[in-house]
Amino acid sequence: MTSTTHRPAPSTDGEPDAATGGPTARPATARRRRRSQHRPVWEEAPGPLGFTGKVVLLAFIVLAVAFPLYTIMLTSVSTQADVTRSGGLVTVPGELSLAAYEQILSGGIVTRAALVSIGITAVGTLLSTVVSVLAAFGLSRPGSFGHRPLLFVLLITMFFGAGMIPTYLLVSALGLIDSYWALILPTAVSAFNVLILRSFFMGIDPAITDAARIDGAGDWRVLFQIVTPMSKAAIAVVALFYGVGYWNAFFNAMLYINDNAKWPLQLVLRSYVLQGATLPGSGAGQIDVATGAVTGLPVKMAVLVLAVVPILLVYPFVQRHFTKGVIFGAIKG
Amino acid sequence: MTHGSSQDVRGRGDADDPALATVAPTAASAAAGTAAPALATAGDAVVVDEGSGRAGAVQPRRKVSWRARLARDRSLILMTMPAVLLLAVFAYIPIAGNVVAWQDYSPFLGIADSQWVGWYNFQRLFVNDAFWHAVGNTLLITAFQLVFFFPVPIVMALLLNSVMTPRVRTTIQSIVYLPHFFSWVIVVTVFQQLFGGAGFVAQRLADLGYDGFDLMTDPDTFLVLITMQSVWKDAGWGMIIFLAALSTVDPALYEAAVVDGANRWRRIWHVTLPALRPVIILLLILRLGDALTVGFEQLILQRGAVGVDASEVLDTFVYYQGVINGDWSFAAAAGLLKGVVSLVLVLGANKLAHLFGEAGVYKRA
């Protein structure tokens, strides 16, 4: 990428073709109705075969993602009778019932695991985001004292990981086995996320922060009153990355949490839904399905949906910020 | 990729000033920062970007004593401390903790009192068949996914980029990005429900009189299965960076190509793909550096179902040898070896990219 300057477009993902169809292609006044108004004038419209092929391919891609989610959600609100009739996952809605959700949410293992996961995700995301915003701002002014060595401390962790065994030995030496902090602290800072924020902060017009400094604001005040409000999009994306990371974390819990009363939702999902079905036990503590409250396909699918729903809830609010910039800025540093 | 005449081509919809961007790439986003701070920064792949950017705007570049600089920047340093402290404890102490690889570590004795054994654990590693089997599996999976996973996001990005209606495109993007945010437990469970022995496909096949379909426990097709899972989870998300690169292609290049009589495919070959080349190389480097890391969570979830033969990779080997079997030093040696080789790989790949005139992952500005 030698001379490519990424235009810092405040637009969303949907807009980039505004760049491909310049003013020559699309005069604002004379819109063409017959051909796609978004198509540049120099580009030939696809033939019927190409168009059909494209539609079929895109439909397949969308269905490949959407269909499994649809049938799993439908099964979770179906009755056991419908499940038996369809011989597994339900594809055609029959009688709908929320019984599965009532069962898993009325106390017991799944409820507790969901609460554990919510707690870890909330505390972890808050901690990680605050620490990362602070670090990113602290590193956002090249030439500041200690800037280079401090940045290096961060960067090295991207290229060399310590490995699972020493990390486990450390967590265990710190007495964090079976502590929720073991699921938060070791993964609390991601250099990648700090770099996303840092590159965003560095893109803020220095004239703005300089003006605040001239008015007597210190670095803390500049960060909290000027930079943070201007960076909501980037902070939201980073918070999502952290939040999803904590919510989805499964292996750390498998390593550090032996007490299955403290299991987060992903581990419960693994034991009851994944292993309870056809996968035999492959490691840490497997629980007899009979003693748990979880039986039947609708209930299993309800646990699965429970693990997906928080992501589905947060995703739409953050998704529009996945501009090319956030990701590109991050990869490029 | 030049911005020479981009001013008159881009025109409407571009808030920033391309001319200025060409002159000072690193300041480009700053220029557009007033209304909505830009998310993108410099065009060049700069991670360590000392001396670029805005330092001069705040403090004129003259010699300031380090004491004065320390006093001036103490808040900034203080801000980085929580992160530095967390990394020091949870990233750097474990790096030092790799010394157990040269010990006969026992949890009861601790690092201080365990016996030092020199290179014994590494010697054991080199004659251990299971270790080399894990290395082989790891490289096999990497190679397979390089061929069957890596190009998928590129093709998808090209396909999606040809969709003209913004609303259709954003909708499709929102849907295909989504699985990236699901955990591996969810993804594997979804696949189990679809392709497992009691799953959707098996049921439909059974209706047609074909019994015994179970992709989840078949070691022979395991490579295909995990690649399908990776594609389902991450191909959509992998698209994002290619779409970003595509959106920076100067439309004048396409217009010129059309004038020269290039058809759709030749435009892809001569304009689009060259524009994607830096990104493709960047991602290839990153993938090569990660050659020894293949979906650890994904594999450990399925190790029991398909068996060790097909699914044991370096990371699962380390986990089972260390945490499960308690052979801590042996496992640490395997993990350390992996870490060092990975580091060499990523640095080497980056060097290679520089030799070919690409920007690579990092460079000093």
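I started with the loop between α7 (164-173) and α8 (191-202) of chain A, where Asp178(A) lies. Helices here are DSSP runs of H or I with at least four residues, numbered from the N terminus. Phi of Asp178(A) is near 70°, positive although the residue is not glycine.

A note on the ground rules: this is a predicted model, where local features need pLDDT of at least 70, side-chain atom pairs count only at pLDDT 80 or more, and totals for chains, interfaces and linings use all residues. Residues are numbered from 1 along each chain as its sequence is written, chains are lettered from A in the order written, and side-chain values use heavy atoms, leaving out hydrogens and water.

Then I turned to chain B. The axes of helix α10 (residues 151-161) and helix α11 (residues 166-177) of chain B come within 10 Å and cross at roughly 155°; axes are lines fitted to C-alpha atoms over the stretch in contact, with angles from 0 to 180 degrees between N-to-C directions. That makes α10(B) roughly antiparallel to α11(B), a label for angles over 145 degrees. In the contact (heavy atoms within 4.5 Å), I found Met156(B), Leu160(B) and Asn161(B) of α10(B) against Arg169(B), Ile172(B), Gln173(B) and Val176(B) of α11(B).

Terms used: Helix = DSSP H or I, 4+ residues; strand = E, 2+ residues; numbered from the N terminus. Parallel < 35°, antiparallel > 145°, perpendicular 65-115°, else oblique.
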